[in-house]
Amino acid sequence: MRKMLKVLIRVPGNVKKEGKKLSNHILHFCAEQGLLGAIIIQGSSAFGEKEYRASILRGMVELPQIIEIIDDPVVIQQVVPKLKEMVEDHGLMTIEEVYVV
């Protein structure tokens with residue numbers, strides 16, 4: 001088993017940065033930095049500080065997206081400041097230890 005860190009970033013699907021969805025902007029940044037991998041997961045429903053609702057008319061753009069990133073702790077610690085800057089107050093970011101089998 002290998003100890004790594006997992007970053008979960010939750011953002012609304014309608015937030016844009018530099019003309020791209022924030023989630024895609026973050027994914028592109030991760031690829032540029034050479035991280036092992038990241039995935040965007042589209043939420044189907046959620047609740048929390050802001051209420052989200054599915055709507056075919058809105059194309060589900062307001063539903064939350066989750067970006068999951070897993071890499072070596074040293075690498076994650078290097079990119080976290082930039083990720084925080086990108087997320088700003090648009091979402092929530094958590095970090096936890098995971099073991100890759």
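The model is a predicted one. Helix α1 spans residues 22-32 and helix α2 spans residues 73-87.

**How the two helices pack**
- The axes of α1 and α2 come within 11 Å, crossing at roughly 165°.
- Because angles over 145 degrees count as roughly antiparallel, α1 is roughly antiparallel to α2.
- The crossing of this pair is right-handed.
- On the α1 side, the contact is made by Leu 22, His 25, Ile 26 and Phe 29.
- On the α2 side, Val 79, Lys 82, Leu 83, Met 86 and Val 87 take part.
- Sorted by class, the residues of this contact are seven nonpolar, one polar and one charged.

**A closer look at His 25**
- His 25 belongs to helix α1.
- With a relative accessible area of 13%, His 25 counts as buried, because the cut-off for buried is under 20%.
- Setting aside neighbours within four places in sequence, His 25 is in contact with Lys 17, Glu 18, Lys 20 and Met 86.

**The largest nonpolar core**
- This core has 18 residues, and Ile 9, Ile 26, Ile 69, Ile 76 and Leu 83 touch the most other members.
- Helix α2 gives the largest share, six residues.
- Beyond neighbours within four places in sequence, Ile 69 has contacts that include Leu 5, Val 7, Ile 9, Cys 30, Leu 35, Ile 76 and Leu 83.

Conventions: Residues numbered from 1 in each chain as written. Predicted model: local features only at pLDDT ≥ 70, side-chain atom pairs only at ≥ 80, totals over all residues. Heavy atoms only, no water. Axes fitted to C-alpha atoms, helices over the stretch in contact; angles between N-to-C directions. Helix = DSSP H or I, 4+ residues; strand = E, 2+ residues; numbered from the N terminus. Parallel < 35°, antiparallel > 145°, perpendicular 65-115°, else oblique. Left-handed = near helix turned anticlockwise from the far one by under 90°. Contact = heavy atoms within 4.5 Å. Nonpolar A, V, L, I, M, F, W, Y, C, P; charged D, E, K, R; others polar. Buried < 20%, exposed > 50% of the residue type's maximum accessible area, 1.4 Å probe, protein only. Core = buried A, V, L, I, M, F, W, Y, C linked by side-chain atoms within 4.5 Å.
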